[in-house]
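Here is a short briefing on one protein chain. Keep the structure in view as you read, and find each residue as it comes up.

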Amino acid sequence: MSQDVPTLYEWAGGAEALNRLTQTFYDKVAQDPVVGPVFKHMSPDHPAHVAAFIGEVFGGPKAYSQNFGGHREMVMHHLGKHLTEEQRRRWINLLADAADEVGLPDDPEFRSAFMGYIEWGSRLAKMNSNLGETCDPETEPMPAWGWGVPGGPYRVPDEK
């Protein structure tokens, strides 16, 4: 892909947009009877940390890795939570609703990449939440999500 193709982070609107997304999302989570209990002891900084994580995955600054430990640390937060499929699906639906509410781009290419990552990440979180051992930091690199592989199913939209 050419170097002038925006990253998903840039296309989404950068840190400001992702912070709006995660704040709106976690406000919804706190009120939800299915996933709310999982986050009842969430720190006030949690939405900003998740925004930094998503931003890094989508090609933005490496703030999460530099400040909070990278993908391994995110995996560690899920260990022992025993997430259910119902919780995973509710999490996805609330996040998709929050994306609409805050006005993340709704073009098919961006939303396909966004939801693809959310689907993949939530399945990984559910799997890791049911593991009894910790992950190996050498095998848990930070994911890098983009528009898809050249020739793959995604294309970069022509204009916003």
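**Where α2 meets α6**

In this predicted model, helix α2 meets helix α6. On the α2 side, the contact residues are R20, L21, T24, F25, Y26, K28 and V29. On the α6 side, they are W91, L94, L95, D97, A98, A99, E101 and V102.

- By class, this contact has 10 nonpolar residues, one polar residue and four charged residues.
- Helix α2 covers residues 14-31, and helix α6 covers residues 85-102.
- Their axes come within 9 Å and cross at roughly 130°.
- The crossing of α2 past α6 is right-handed.

**The chain as a whole**

- The chain has seven helices and zero strands.
- Along the sequence, the pattern reads α-α-α-α-α-α-α.
- The chain has 160 residues, and 42% of them count as buried.
- Take the contacts in the chain with a separation of 6 or more: 78% of them join residues 24 or more positions apart.

**Where α2 meets α3**

- Helix α2 also packs against α3, at an angle of about 135°.
- The axes of α2 and α3 are 8 Å apart.
- This pair is therefore oblique as well.
- The crossing of α2 and α3 is right-handed.
- From α2, the residues in contact are L18, N19, T22, Q23 and Y26.
- From α3, they are H46, P47, A48, V50, A51, I54 and G55.
- The residues of this contact divide into seven nonpolar, five polar and no charged.

**The nonpolar core**

- Which residues have the most contacts inside the largest nonpolar core? They are L21, F25, F58, W91, L104, F110 and F114.
- This core has 35 residues.
- Helices α1 (8-12), α2, α3 (46-57), α6 and α7 (108-129) each supply at least two of its residues.
- Helix α6 gives the most, with seven residues.
- F58 is in contact with T7, L8, Y9, F114, Y117 and W145, leaving aside neighbours within four places in sequence.

Start with G55.

- G55 is found in helix α3.
- Is G55 buried or exposed? Its relative accessible area is 2%. Buried means under 20%, so G55 is buried.
- G55 touches Y9, L18 and G60, not counting residues up to four places away in sequence.
- G55 and A144 are 89 residues apart in sequence. In space, their C-alpha atoms are 9.9 Å apart.

Now turn to G59.

- G59 is found in the loop between α3 and α4 (63-68).
- G59 has 45% relative accessibility.
- G59 is in contact with T7 and Y9, leaving aside neighbours within four places in sequence.
- G59 and A144 are 85 residues apart in sequence. From C-alpha to C-alpha, they are 6.7 Å apart in space.

Note on methods
Residues are numbered from 1 along each chain as its sequence is written. This is a predicted model: local features need pLDDT of at least 70, side-chain atom pairs count only at pLDDT 80 or more; totals for chains, interfaces and linings use all residues. Side-chain values use heavy atoms; hydrogens and water are left out. Axes are lines fitted to C-alpha atoms, for helices over the stretch in contact, and angles run from 0 to 180 degrees between N-to-C directions. Helices (H or I, at least four residues) and strands (E, at least two) are DSSP runs, numbered from the N terminus. A crossing is left-handed if the near helix is turned anticlockwise from the far one by less than a right angle, and right-handed if clockwise. Contact means heavy atoms within 4.5 Å. Ala, Val, Leu, Ile, Met, Phe, Trp, Tyr, Cys and Pro count as nonpolar, Asp, Glu, Lys and Arg as charged, and the others, Gly among them, as polar. A nonpolar core is a set of buried Ala, Val, Leu, Ile, Met, Phe, Trp, Tyr and Cys residues joined through side-chain atoms within 4.5 Å. Buried means under 20% relative accessible area, exposed over 50%, partly exposed in between (1.4 Å probe, protein chains only). Angles under 35 degrees count as roughly parallel, over 145 as roughly antiparallel, 65 to 115 as roughly perpendicular and the rest as oblique.
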